[in-house]
Amino acid sequence: MTQAPVNVTVTGAAGQIGYALLFRIASGQLLGQDTPVKLRLLEIPQAVKAAEGTALELEDGAFPLLAGTDIFDDPKQAFEGTNVALLVGARPRTKGMERGDLLEANGGIFKPQGEAINAGAADDVKVLVVGNPANTNALIAQQHAPDVPAERFTAMTRLDHNRALAQLSKKLGVSVSDIRKLAIWGNHSATQYPNVFHAEVGGRNAAEAVGDEKWLADEFIPTVAKRGAAIIEARGASSAASAASAAIDHVYTWVNGTPEGDWTSAAVVSDGSYGVPEGLISSFPVTAKDGKYEIVQGLEINEFSRTRIDASVQELADERDAVRKLGLI
Ligand SMILES: NC(=O)c1ccc[n+]([C@@H]2O[C@H](COP(=O)([O-])OP(=O)(O)OC[C@H]3O[C@@H](n4cnc5c(N)ncnc54)[C@H](O)[C@@H]3O)[C@@H](O)[C@H]2O)c1
Ligand SMILES: O=C(O)C[C@H](O)C(=O)O
């Protein structure tokens with residue numbers, strides 16, 4: 001180990017995604033097998049003891065790449081010097097809670113976290129927001145970190161991307177690794193649009209290989225978009241290991257790049273591409289190179305895709321307007 005450890009902050013560390021995520025980070029899957037990591041865990045005071053228990057288990061894993069684990073209940077301390085920030089902890093919607101209440105409760109979390117990142121994170125900080133509503137939580141944090149380049153704030157749609165790969169591979173009887181250039185557009189919500197019209201399977205256009213627009217509209221898109229709800233219904237809890245796995249994929253790709261001739265999906269700050277209002281944190285097809293995610297340019301958007309992208313982007317604009325009204329941005 002010659003390199004200095006990379007500081008990785010994980011919020012909501014005592015939660016179910018945290019439990020599935022931390023051991024994979026410690027084993028080198030987030031940043032690669034040459035990169036030692038130092039974990040900085042953030043929890044609310046009531047959950048610090050549980051996070052301490054996880055830290056004991058991390059120690060017992062005897063991970064050669066784990067240079068230490070520190071636990072905090074103060075965002076300012078947790079984000080001090082952080083290079084990679086995984087914002088997982090969020091306020092879940094509870095019975096009787098309106099959408100506005102949920103946005104307000106999460107504003108109370110992501111505003112101070114954005115401020116703390118702005119105040120103390122390392123110059124190269126990369127932020128991934130997982131906690132829902134992920135895109136808008138990322139927007140809140142980003143708006144409170146004016147000194148951090150906006151493109152360092154991202155939200156996770158890689159789980160949706162992986163779900164779409166899995167469904168398409170099942171339909172076509174191919175391996176997920178045979179599929180290229182699939183993309184999720186819009187919000188990490190039921191309005192998201194998994195687009196196969198640019199995707200390729202073994203060199204062939206994926207939509208043509210499927211040859212069934214009704215299947216795309218009535219089965220593929222709703223299955224991917226409502227998968228989170230299906231998991232909650234089946235498990236009695238929201239997706240955890242698959243979400244942790246997607247968070248690992250998102251950061252690993254961000255740091256190490258996308259393969260030549262392929263792209264992935266991430267919610268990034270819009271530069272106005274494809275009619276998505278500038279500043280919204282929306283999912284796009286993206287490539288990663290030299291530690292930067294970039295929106296793939298110049299794709300032709302057909303009518304089928306246009307209406308679906310517009311609907312999801314409208315939802316993002318509505319969420320932005322709601323948090324603006326609440327004074328959160
Ligand atoms: N983007 C995605 O694809 C995706 C997928 C799955 C789940 N999620 C979301 O991820 C979030 C976490 O899911 P989970 O299953 O781990 O939830 P969980 O309830 O098991 O854990 C959340 C943890 O966050 C902590 N927390 C709450 N407020 C905090 C704060 N201010 N600072 C630090 N920690 C705080 C809680 O104490 C808890 O330990 C949820 O919002 C969930 O909806 C997103
Ligand atoms: O936590 C949820 O509501 C669902 C989650 O975002 C998921 O996509 O699995």
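## Basis

Local features in this predicted model require pLDDT of at least 70, side-chain atom pairs count only at pLDDT 80 or more, and totals for chains, interfaces and linings use all residues. Residues are numbered from 1 along each chain as its sequence is written, while chains are lettered from A and ligands numbered from 1 in the order in which they are written.

## Overall fold

The chain contains eleven helices and 14 strands (DSSP runs numbered from the N terminus: helices H or I, at least four residues; strands E, at least two). Its C-alpha trace spans about 55 × 45 × 40 Å along the principal axes.

Of the 329 residues, 46% are buried (20 or more other C-beta atoms within 10 Å of the residue's own, with C-beta atoms placed from the backbone).

## A three-stranded sheet

Strands β7, β10 and β11 form an open antiparallel sheet in the order β7-β10-β11 (strands pair if DSSP finds at least two bridges between them). β7 (179-180) and β11 (204-205) are the edge strands, each with a single partner, so one side of each lacks a neighbour in the sheet.

Two bridges join β7 to the antiparallel strand β10 (residues 200-201). Ile179 has Val201 as its bridge partner in β10.

## Ligand 2

Around ligand 2 lie Asn132, Leu159, Gly228, Ile231, Ser238 and Ser239 (C-beta atom, placed from the backbone, within 6 Å).

Key:
A residue is buried if 20 or more other C-beta atoms lie within 10 Å of its own, exposed if 12 or fewer, and partly exposed in between; C-beta atoms are placed from the backbone.
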